[in-house]
Structure formats: C-alpha cells, structure tokens
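Subject: Structure handover

Hello,

Here is the structure I promised to pass on. Please open it alongside this email, and then read on for what was found.

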Amino acid sequence: MVKQTIQIFARVKPSVRKQQQGIYSIDEDEKLASSLEIVLPRDLADGFVNNKRESYKFKFQRIFDQEAKQEIIFEIIAKPVAESTLAGYNGTIFAYGQTGSGKTFTITGGAERYSDRGIIPRTLSYIFEQLQKDSSKIYTTHISYLEIYNECGYDLLDPRHEASKLEDLPKVTILEDPDQNIHLKNLSLHQATTEEEALNLLFLGDTNRMIAETPMNQASTRSHCIFTVHLSSKEPGSATVRHAKLHLVDLAGSERVSKTGVGGLLLTEAKYINLSLHYLEQVIIALSEKHRTHIPYRNSMMTSVLRDSLGGNCMTTMIATLSLEKRNIDESISTCRFAQRVALIKNEAILNEEIDPRLMIVRLQKEIADLKAELAMVTGEQRTEALTEAELLQLEKLIASFVEDQDPESRLEVGADLRKIHYCFHHFKKLLNDKKTLENTDLSESTTQQACQEPVKDEEYTKLRSLLKQRDNEINILVNMLKKKK
Ligand code: ADP
Ligand code: MG
C-alpha cells in the first residue's frame, strides 16, 4: 500500500501580451515545493477595502512557467503516474482551471506540431514502449473515453456513431454494486495492442468530441472528459491478475458565473458555472476536513466516477492551469486555492490483484493431472475416477469377513487408496444405520404386542382362578362318577 497526498502542480499558460510582468513570481528555492506568488496589480488592489491582501502565496510540488515544454510536463508529472499504473496501481491526472487556461493543451495537446503532443499521447507511447520491453508479464490494454455533460455520460468511442450531436452518442449510466463499487454501463472498452491502435482511439474520441460541439453547446468548457487506460497484467502460468486504471481527465472550465472583473464579486465566492465542479469542490472540502465521515460523492456523476481517485485507492495528481493575465487574476487565485485544498487529501493506493477463476480452474486441473500421473508412477497402476465393479465386490467381501472375524486383532487392509477408505466408511455407516433401524422395528413390534394384551386386574385374576378351580372340581367329580359306573 502506498499512502500519498494528491500531488499538485501548476502550469502557467504563455501570454501573447507582455502585461503579465509583475503579476506573479515563482520561487523555486525551496527543496520539496515551489511557491507561486500572485501580486494584485495596484489598480485592482485599490478597488478593495484595506483588509484585502495585495499578494497571495501558494505552494505546489512544482510550478511550470510559460516556456515549459510538453515534454517536461510529461516527464515530471505524468511519467511517475504511468509507472505506478504499470506496477499495478490506479492513477489519475486531472487538469483544473478556467476555460482557455490550457487544460486540453496539457492533457491532449495541440494539433499543430508533433512536439505539442500532450500527456495522453505521450503516456500511451511510454506505456506501450514499457510493455514491449517487459517480457516477464502478459499485458492487456483497453481504452475507454467518457464525456460527462450536464450529469449525463456519453461514450466517445462508440464505433457505430458518426455523432453530429453529443446526444447522438450512447448514454453511459452509473451502476453501484452491493460492495459500493461503481460500474459504468454502456461505456465501451476497446482493446489496443499497439500504440497506434490506442492513438486511433484517442483520435476517434477527440473527433466525436469536436463534432458534437456547436457554438450553442459549448461542451468543452462545460463538460468533463475522462480518457482511461485499463491495464491488466499477469505472469505466465499464474492465476493472479493485476488490474490498474489510469484516468487522464480534462475537467470543465472552473470559471464562476458572474465575472464582473473589478467589481464586488472579485475574489469572492460567486455562483458556479458548473454544478459538478461545485460538487467536486464539496467532495474535496469534505475529504480535507478531518473527522468527516460522509463524503458526498454521489451528488454528481463526475465525483462518482472519480471516487477512487479522490481520497481512495489511487495515485492522484492535479495540474492547475493558470492564465495569469490581469483579467484572469481572480480565477487564477481560486484555482490555486482549490489546489491547496486538494493537496491535503490523502490517498491510499493498493495493488489491485485478483484471482481469475478460469485460470484457477485450468491450474487446478493441471495439478490434478500431475498428481494422478505421480500416483500412477508410485503405485504402478493407473487410477480412474471411480472404483470398478470388481474392486467394489472385492471390498465388500473384505468388509464382510472383517466384520465376522471374532479375532480382536484382525485388521481391514484396503491399501493406500482414499477412494477405498472412503467406501469402507460409507459401508460401515450403512451397516450401522441398517442395524439401528432393525433394532427400532423389533422394539416397536414387542411394544405393540404388549399393547394388545388387556392389562389384567388383581380381583379379576382371583375370580378367574376360583372359576378355574371350580371347573377342575367339576371335572374331577364327573371323572369319579364315570369310574364308579364302570
Ligand atoms: P482549456 O482546455 O483550458 O479551455 P486550451 O487547452 O484549449 O484551454 O487552451 C486555449 C488555447 O491556448 C489553445 O489554443 C491552446 O493551444 C493554447 N495553449 C494553452 N496552453 C498552451 C501552452 N502551454 N503553450 C502553447 N499554447 C497553449
Ligand atoms: Mg478544453
């Protein structure tokens, strides 16, 4: 088991204008963490009452400034998570930030240049490279791609659909089993045996994602996309399978509804544009508070799907994407605040191992065959499933002579054959039961006989006795009379 708090990183989006200067500074001096200081521009700070701070400081594991390339983002943020997925742990990387701050660029990448490839294609490439190198295990990789919009899940990888609307895609629903495990009904899993196949799936999903988006339905700013690599591995001949899931998540834009800029809503908690992000925040707050027992995962589909990744069995990493221009300062500060809370959440990642029953049966069958062969070698005779007629007959004879033998020293020898030993026990049991039922019937017969006889009373007895005596006397008299007559 690996205990770890959620790792948080920040990435600052390059700005076209040079007006960001002086707004923020990054301090890399500290050993384990870097800190980002956001300084409120004077004209913005002036709008606040005096107790408002003029600068805000946030700690991150590392902060990537504007010039950071996609490669270093992969190396530092994604590679360690991909490695732990390869080792059998669940992993999640999610990008959080306002619309336009670079979430999609970071997770998926830009299409213009090869070097703009983001975390997903680089991770796929890395995973398949590692799988090829490692011949000690058998790996299976599946891909799924889910979009959640307005609390509805859509399968972005449905091969039958050329979606023109998001609603045309198959709807994915959540099922919870009695052990409270979440299952996604209707989300298709596609096996990918090579990097190319996996990239094709990413492309199919992204195409569906783009086609489904219209100006009226700005799905990308309001929906969450979860690209998942399902990796299972096992050693040859072993029945133990390891399952690991790697979620790469492009969240909806984190901006709040009302954006008045310099007005009263600045830096205050306003309404949320996205309800499920609001619930995500609730879950994060609940998880970061000690002694909270109820975590409201069920409130939204997204938090249900990511339940393991948030305070559960997962190695989780968050990338806060920041667009540090003057007009985005308030959003950037709330993104950073959110990240600070996320950093308090502890996860416990465990190896997800399970025994495949099919493989177990195959293994046990093989073991039985081996043992039989071994036994045949030792005893010199082939052993079949059941005893033959002849063997049974012989056993019964043996038992009969053993039972009849009055010699207390006599023994019943059947040899080292469990089947015969078991048969003897069964036979004895049967004999014993037969004897019992026999005794029972004898006993009941004698009692019924008794029950037929009338119970003789004492006075009646003497009456009968005297009657008998009288008859005796009468007979005697008659006999004497006959004798005299003669
Ligand atoms: P989001 O997904 O957060 O709404 P995007 O990733 O779509 O934001 O980024 C908005 C625009 O900025 C895109 O045109 C994207 O290519 C560009 N962009 C974002 N981050 C970077 C970066 N680090 N380097 C170059 N261009 C970037
Ligand atoms: Mg986006």
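First, a definition: axes are lines fitted to C-alpha atoms, for helices over the stretch in contact, and angles run from 0 to 180 degrees between N-to-C directions. Please also keep in mind that this is a predicted model.

Helices 7 and 9

Start with helix 7 (residues 275-288) and helix 9 (residues 329-342). Their axes cross at roughly 40° and come within 9 Å. Angles under 35 degrees count as roughly parallel, and 65 to 115 as roughly perpendicular. Helix 7 and helix 9 are therefore oblique to each other. On the helix 7 side, the residues that meet helix 9 are L280, E281, I284, I285 and S288. Helix 9 brings F338, R341 and V342. By class, this contact has five nonpolar residues, two charged and one polar.

Helices 2 and 4

Next, look at helix 2 (residues 70-86) and helix 4 (residues 119-133). Their axes are 9 Å apart, and the packing angle is about 50°. This pair, helix 2 and helix 4, is therefore oblique as well. The crossing is right-handed. From helix 2, the contact takes in Q70, E71, I73, F74, A78, K79, A82, E83 and L86. From helix 4 come I119, R122, T123, Y126, I127, Q130 and L131. Nine of the contact residues are nonpolar, four are charged and three are polar.

Helices 4 and 5

Helix 4 also packs with helix 5 (residues 195-211). Here the angle is about 160°, with the axes 9 Å apart. Angles over 145 degrees count as roughly antiparallel. Helix 4 and helix 5 are therefore roughly antiparallel to each other. Their crossing is right-handed. I120, P121, L124, S125 and F128 of helix 4 make the contact with E195, A198, L199 and L202 of helix 5. Seven of these residues are nonpolar, one is polar and one is charged.

Ligand 1

Which residues are around ligand 1? R11, K13 and P14 are among them.

- T104: a polar side-chain atom is 2.7 Å from an oxygen atom of ligand 1.
- S101: a polar backbone atom is 3.4 Å from an oxygen atom of ligand 1.
- K13: a polar side-chain atom is 3.5 Å from an oxygen atom of ligand 1.

Best wishes

Technical notes
Residues are numbered from 1 along each chain as its sequence is written. Chains are lettered from A and ligands numbered from 1 in the order in which they are written. This is a predicted model: local features need pLDDT of at least 70, side-chain atom pairs count only at pLDDT 80 or more; totals for chains, interfaces and linings use all residues. Side-chain values use heavy atoms; hydrogens and water are left out. Helices (H or I, at least four residues) and strands (E, at least two) are DSSP runs, numbered from the N terminus. A crossing is left-handed if the near helix is turned anticlockwise from the far one by less than a right angle, and right-handed if clockwise. Contact means heavy atoms within 4.5 Å. Ala, Val, Leu, Ile, Met, Phe, Trp, Tyr, Cys and Pro count as nonpolar, Asp, Glu, Lys and Arg as charged, and the others, Gly among them, as polar. A residue is near a molecule or strand if one of its heavy atoms lies within 4 Å of it. A polar contact is a pair of N or O atoms within 3.5 Å; within protein, one must be able to donate a hydrogen and the other to accept it, and residues adjacent in sequence count only if both atoms are side-chain atoms.
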